[in-house]
Amino acid sequence: MPKQPLQKILYVEDDPDIQEIARLALEEVGGFTVYICTYGREALGVVTQFKPDLIILDVMMPDMDGVSTFKALRKLETTSSAPVIFLTAKVQPKEVAEYRKLGALDVIFKPFDPLTLADVIKKIWEKR
Amino acid sequence: MNDEKIAAVKKLQSLKNKFCAKLPARIREMERDIALLRDNAWDGEAALRLHMELHKLSGTGASFGFGKVSERAHDVEEYLSALIKSGGAPERSQKKALFTLWDRFTKSFH
């Protein structure tokens, strides 16, 4: 069976600068349809309508961090098995292992290159 | 390079200019917070604000081509994070180490 193409990405990120760079990287360079949420709680309300193929989560966010958002998304029927990538600042290897153990598809580190981020994501999507 | 990438590079330059224009104000805000951690003071709220701002700069700097800013911001962020986690006011030597990292960070803009 052919793999489902990656088209719609939901990105949860509280930093407006990163939001702008990511929009550029994913929409204009990558050609994806992107919805950006500032808060984890906002994402929980958006997923049912937007139905993303892939969810990208920042880790350090106020109110509801990336891991809490991930766990909350797993409890929703729409996103109980949705592929999730954590996009985070450099962290310790044990934290990366923790994200993978939770069920994350992969972990990408910030800062990222806006011109190659989409390719990195496409590669992760292809090999899943 | 295809047309989309050329347009993206132009837009990236415009985002970079916007980022640079806002930077002095962001540094001033952080300097206000770092002043609240100097000498005998240790303002926990200021430490948290500073940590969050350093985290953001560390995450964005290199995406705009300021690799050293990202790297140095990350160094201060990591050290400050450990101080925050340990709870309470840090020792004088720990503060000194923090301010040394801070000075290296501010020099990375030049």
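Helices (H or I, at least four residues) and strands (E, at least two) are DSSP runs, numbered from the N terminus. With that naming, A:Gln92 lies in the loop between E4 and H4 of chain A.

This is a predicted model, in which local features need pLDDT of at least 70, side-chain atom pairs count only at pLDDT 80 or more, and totals for chains, interfaces and linings use all residues. Residues are numbered from 1 along each chain as its sequence is written, while chains are lettered from A and ligands numbered from 1 in the order in which they are written.

**Confidence**

The model scores ipTM 0.80 and pTM 0.88. The average pLDDT of chain B is 91, and 99% of its residues score at least 70; pLDDT is the predictor's confidence in each residue, from 0 to 100. Where pLDDT is low, the predicted coordinates should not be read in detail.

**The sheet of chain A**

Chain A has an open sheet of 5 strands in the order E2-E1-E3-E4-E5, with parallel pairing. Two strands pair if DSSP finds at least two bridges between them. Strands E2 (33-37) and E5 (106-110) of chain A stand at the edges with a single partner strand each, so one side of each has no neighbour in the sheet. On average, neighbouring strands of this sheet are turned by 20 degrees against each other, direction ignored. Axes here are lines fitted to C-alpha atoms, for helices over the stretch in contact, and angles run from 0 to 180 degrees between N-to-C directions.

| Strand pair | Sense | Bridges | Residues opposite each other |
|---|---|---|---|
| E1(A) and E2(A) | parallel | 5 bridges | A:Ile9 and A:Val34 |
| E4(A) and E5(A) | parallel | 5 bridges | A:Leu87 and A:Ile108 |

Strand E1 of chain A covers residues 8-12. Because 4 of the 5 residues of E1(A) are buried, this strand is largely enclosed by the rest of the structure. A residue is buried if 20 or more other C-beta atoms lie within 10 Å of its own, exposed if 12 or fewer, and partly exposed in between, with C-beta atoms placed from the backbone.

Helix H1 (residues 16-29) of chain A lies across E1 and E2 of chain A and runs at about 165 degrees to E2(A). E1(A), H1(A) and E2(A) make a right-handed β-α-β unit. A crossover is right-handed if, with the strands pointing away from the viewer, the path from the first strand over the helix to the second runs clockwise. Another right-handed β-α-β unit is made by E4(A), helix H4 (residues 93-102) of chain A and E5(A).

A:Gln92 and A:Phe70 are 22 residues apart in sequence and 19 Å apart in space, C-alpha to C-alpha.

**Chain B**

Chain B has 4 helices and 0 strands, and its pattern along the sequence is α-α-α-α. Its C-alpha trace spans about 55 × 25 × 20 Å along its principal axes. Of the 110 residues in chain B, 30% are buried. Two residues are in contact if their C-beta atoms, placed from the backbone, lie within 7 Å. Among contacts in chain B between residues at least 6 apart in sequence, 48% join residues at least 24 apart.

**Where the chains meet**

In the model, 18 residues of chain B are in contact with 16 residues of chain A. On the side of chain B that touches chain A, helix H1 (3-35), helix H2 (44-60) and helix H3 (67-86) of chain B each supply at least two residues. H1(B) gives the most, with 8 residues. By class, this side of chain B has 6 nonpolar, 8 polar and 4 charged residues. Ala, Val, Leu, Ile, Met, Phe, Trp, Tyr, Cys and Pro count as nonpolar, Asp, Glu, Lys and Arg as charged, and the others, Gly among them, as polar.

B:Ser70 is in helix H3 of chain B. B:Ser70 counts as buried because it has 23 C-beta neighbours inside 10 Å. Not counting residues up to four places away in sequence, B:Ser70 touches A:Pro111, B:Ser58, B:Gly61 and B:Ala62. B:Ser70 and B:Ser108 are 38 residues apart in sequence and 9.1 Å apart in space, C-alpha to C-alpha.
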